[in-house]
Amino acid sequence: MLRVSSFAISIDGYAAGPNQDLDNPLGVRGPELMEWFFSTRAWRKMHGLSEGETGVDNSIAEAGLAGIGAWILGRNMFGPVRGPWPDESWKGWWGEEPPYHVPVFVLTHHARAPIPMKGGTTFNFVTGGIHEALERARAAAGAKDIRLGGGVATIRQYLREGLIDELHLAMRPVLLGAGEHLLHDIDLRALGYECTKSVPGERATHVYLRRRP
Ligand SMILES: NC(=O)c1ccc[n+]([C@@H]2O[C@H](COP(=O)([O-])OP(=O)(O)OC[C@H]3O[C@@H](n4cnc5c(N)ncnc54)[C@H](OP(=O)(O)O)[C@@H]3O)[C@@H](O)[C@H]2O)c1
């Protein structure tokens, strides 16, 4: 199954703030989207920290991380570097041991050799488009799920092709005003998606969309 999990969205439809750079990985005001996640045990464990909240938001975040055999990311979620890679120094936002622990396929127009990291993550760069990334992720994941991590431009492409089986949005009661809009001009209804579940959490409302079989 190809799924998007724990993807945060503001009430005005943005899933990233504007002007992403090294100091603003989520774009300006982007952290307001993620405030439901930062205090959870799931997030803290991913970052090598102990404890954390264990309520509804946490259970949902933990479920989103279970059973994944491969990830697909867009190049901007991997980092702020644009255009041809100036050198091999950028290895993601997450330090020497990224929180993936499985193969990760990064969509880009700029080829680069795979980067093996500590803890089982390998960043593979895919220049052949979304279908090639999905085929490679399927081969790597075997019977496990593939998680489409984002960002926004990447999810929009897979949605338009009807390739996402389940989309879980963590809807945050904040207004971003500007940034990357997730669903503008995409008719999910015509693509066959429907809301199947809505769960109130402590800091977000969790909405699940599935494509009718
Ligand atoms: N709301 C959330 O829960 C959440 C989760 C994850 C990320 N985010 C945020 O989302 C933002 C990033 O999203 P984004 O929309 O800016 O970008 P993105 O989807 O991460 O990456 C877009 C870039 O990926 C490459 N790419 C995408 N599709 C491609 C294709 N078919 N073929 C070749 N290359 C392709 C292109 O890079 P090149 O042309 O430069 O190679 C493109 O500019 C970040 O701010 C991140 O923090 C939010």
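I sorted the lining of the second largest pocket by class and got 5 nonpolar, 2 polar and 3 charged residues. For these classes, Ala, Val, Leu, Ile, Met, Phe, Trp, Tyr, Cys and Pro are nonpolar, Asp, Glu, Lys and Arg are charged, and the others, Gly among them, are polar.

A note to myself on ground rules: this is a predicted model, where local features need pLDDT of at least 70, side-chain atom pairs count only at pLDDT 80 or more, and totals for chains, interfaces and linings use all residues. Residues are numbered from 1 along each chain as its sequence is written, and side-chain values use heavy atoms, with hydrogens and water left out.

**Second largest pocket**

I found its volume to be about 250 Å³. A pocket here is an open set of points on a 1 Å grid over the protein atoms alone, where a 1.4 Å probe fits, with protein on both sides within 12 Å along at least five of seven lines; lining residues have an atom within 4 Å of a point. Points are joined across faces, edges and corners, and the volume is the space filled by probe spheres set on them. I listed the lining as A42, K45, M46, G48, E62, L65, E97, P98, P99 and H101. Helix 2 and helix 3 (56-65) are the elements that give two or more residues to it, and helix 2 has the largest share, 3 residues. Helices (H or I, at least four residues) and strands (E, at least two) are DSSP runs, numbered from the N terminus.

**Largest pocket**

Next I looked up the largest pocket, at about 1300 Å³. Of its 49 lining residues, P25, N76, M77, G149 and G151 are the closest to the centre. Strand 1 supplies the largest share, 5 residues. The lining splits into 25 nonpolar, 20 polar and 4 charged residues.

**Strand 8**

I then followed strand 1 (residues 2-10) to strand 8, its parallel partner over 6 bridges; strands pair if DSSP finds at least two bridges between them. F7 has L169 as its bridge partner. Strand 11 (residues 205-211) pairs with strand 8 in the antiparallel sense, also over 6 bridges, and there L167 stands opposite L209.

**T40**

Last, I checked T40, in the loop between helix 1 (31-38) and helix 2 (41-46). T40 counts as buried because its relative accessibility is 2%. Its side chain reaches the backbone oxygen of F37 at 2.7 Å and the backbone nitrogen of W43 at 3.1 Å.

Conventions:
Buried < 20%, exposed > 50% of the residue type's maximum accessible area, 1.4 Å probe, protein only. Polar contact = N/O pair within 3.5 Å; in protein donor to acceptor, adjacent residues only side chain to side chain.
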